[in-house]
Each structure stands twice: as C-alpha cells, then as structure tokens.
Amino acid sequence: MAPATSLLSLIATALLAAQSVAALGCFGSGETYGQVTSDTSQLASARSSACNSFAGSYPQGASRSLCASFPDTGTRINFSASNTASTPQTLTYDDCEAALTIEMNGCKRGSRQKHGNFEYLDDPNNGTC
Ligand SMILES: *[C@@H]1O[C@H](CO)[C@@H](O)[C@H](O)[C@H]1NC(C)=O
C-alpha cells in the first residue's frame with residue numbers, strides 16, 4: 001500500500017512541476033533573437049551587461065530590469081531578474097549568466113523562467129529602448 005501511495009504522490013508532484021514549467025517558459029509568439037541580430041556575440045554582450053547590472057542584493061520581492069537596444073535592426077531585448085524567495089537574496093553574476101544563457105539558447109522568442117531563488121525574463125521586442 002505504501003509504495004503505491006508514494007508512487008501516486010510522485011506522479012502528482014511531477015504533474016505540478018510540469019504545470020509550472022508550462023506557465024513559466026518559452027514565449028510562443030513575438031520577435032526572435034534572430035530578428036534582433038544574426039551576431040550571437042552581440043546577444044552574449046547584451047546578456048553580460050544585464051548580469052553585470054543584476055548582480056547584487058535583492059530584498060524579498062525586489063527585481064531589476066535592463067533594456068538592451070539594437071539600433072541596426074530597430075529592436076531591443078528586455079531583461080529582468082526578480083527575487084521570488086521569502087527572504088532577501090544575493091544574485092551572482094555567474095548564476096545570472098548561467099540562467100540567461102540556458103534561456104536564450106533554449107527559447108528563440110524569449111522566456112520567463114525560475115532558476116533557484118530568481119525568476120528571469122528575457123524578451124526580444126520590436127523598437128529600441
Ligand atoms: C522593455 O524596455 C522598455 C525600455 O526600457 C520599456 O519601455 C518596456 O516597458 C519594457 N518592457 C517590455 C515588455 O517591452
């Protein structure tokens with residue numbers, strides 16, 4: 001009886017996890033990173049600027065955002081990082097860089113996703129900042 005019960009609870013946990021990934025994940029519409037620039041080093045440089053600005057201390061619920069302009073294509077990337085924990089947190093450059101690299105490589109239209117205690121937004125849009 002006990003093993004079946006714990007299997008059910010494992011399945012329930014997996015379903016809940018799948019739901020939160022669906023709610024927080026890749027955007028299905030809007031501009032792509034390819035429309036922002038074909039030069040991936042410019043994307044890396046925008047990400048690096050965002051993480052330099054995002055590294056530091058966050059009170060509970062605090063967030064920081066940064067907009068990177070791409071005048072050649074008339075586009076921008078909106079970035080943000082939010083502390084979703086119930087206590088103050090410190091975000092390191094490396095954690096930010098690792099999280100946004102996963103998101104930008106995995107979601108061509110941008111995404112909203114949690115990594116650790118932070119929720120990240122990366123969103124390519126029409127129009128410069
Ligand atoms: C993106 O950044 C621009 C410039 O800071 C801002 O006006 C806009 O509200 C931000 N958010 C979105 C979703 O475009």
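# Ligand Shell, Salt Bridges and Strand Pairing

Author: In this predicted model, a polar side-chain atom of Arg76 lies 2.7 Å from an oxygen atom of the ligand.

Reader: Which residues surround the ligand, then?

Author: The ligand is surrounded by Cys67, Arg76, Asn78 and Asn125. By class, this shell divides into 1 nonpolar residue, 2 polar and 1 charged.

Reader: What is the distance for the polar side-chain atom of Asn78?

Author: A polar side-chain atom of Asn78 lies 2.3 Å from an oxygen atom of the ligand. As for cover, the protein takes up 41% of the 350 Å² of accessible area that the ligand has on its own.

Reader: Where does Asn78 pair within the strands?

Author: The bridge partner of Asn78 is Asp123, in strand E6. Strand E3 (residues 75-83) and strand E6 (residues 118-126) run antiparallel and are joined by 9 bridges. Further along, Ser82 stands opposite Glu119 in E6.

Reader: Is E6 mostly covered or mostly open?

Author: Strand E6 is mostly covered, since 8 of its 9 residues are buried.

Reader: And on the E2 side, how many bridges join E2 to E3?

Author: Strand E2 (residues 63-70) is joined to E3 by 8 bridges, and the two strands run antiparallel. Phe70 has Thr75 in E3 as its bridge partner.

Reader: How many residues lie between E2 and E3 in their hairpin?

Author: There are 4 residues between E2 and E3 in the hairpin. In the turn, Gly74 has a positive phi of about 65 degrees.

Reader: Which residue takes a positive phi in the hairpin of E5 and E6?

Author: That residue is Gly116, with a positive phi near 65 degrees, and the hairpin has 2 residues between the strands. Strand E5 (residues 111-115) pairs with E6 in the antiparallel sense over 5 bridges. Within this pairing, Gln113 stands opposite Tyr120 in E6.

Reader: Changing topic: how many salt bridges does a search of the whole structure find?

Author: The search finds 2 salt bridges. In one of them, the side chains of Glu97 and Arg47 meet at 3.6 Å, N to O.

Reader: Is Arg47 buried or exposed?

Author: Arg47 is buried, with a relative accessible area of 10%. Glu97 is partly exposed, at a relative accessible area of 22%. The cut-off matters here, because buried means under 20% relative accessible area.

Reader: Which residue forms a salt bridge with Arg112?

Author: Arg112 forms a salt bridge with Glu119, and their closest N and O atoms are 3.2 Å apart.

Reader: What are the relative accessible areas of Arg112 and Glu119?

Author: Arg112 is partly exposed, with a relative accessible area of 35%. Glu119 is buried, with a relative accessible area of 16%.

Methods. Residues numbered from 1 in each chain as written. Predicted model: local features only at pLDDT ≥ 70, side-chain atom pairs only at ≥ 80, totals over all residues. Heavy atoms only, no water. Near = heavy atom within 4 Å. Polar contact = N/O pair within 3.5 Å; in protein donor to acceptor, adjacent residues only side chain to side chain. Areas by Shrake-Rupley, 256 points an atom, 1.4 Å probe, with all protein chains shown as cover. Nonpolar A, V, L, I, M, F, W, Y, C, P; charged D, E, K, R; others polar. Salt bridge = Lys/Arg side-chain N within 4 Å of Asp/Glu carboxyl O. Buried < 20%, exposed > 50% of the residue type's maximum accessible area, 1.4 Å probe, protein only. Pairing = 2+ DSSP bridges.
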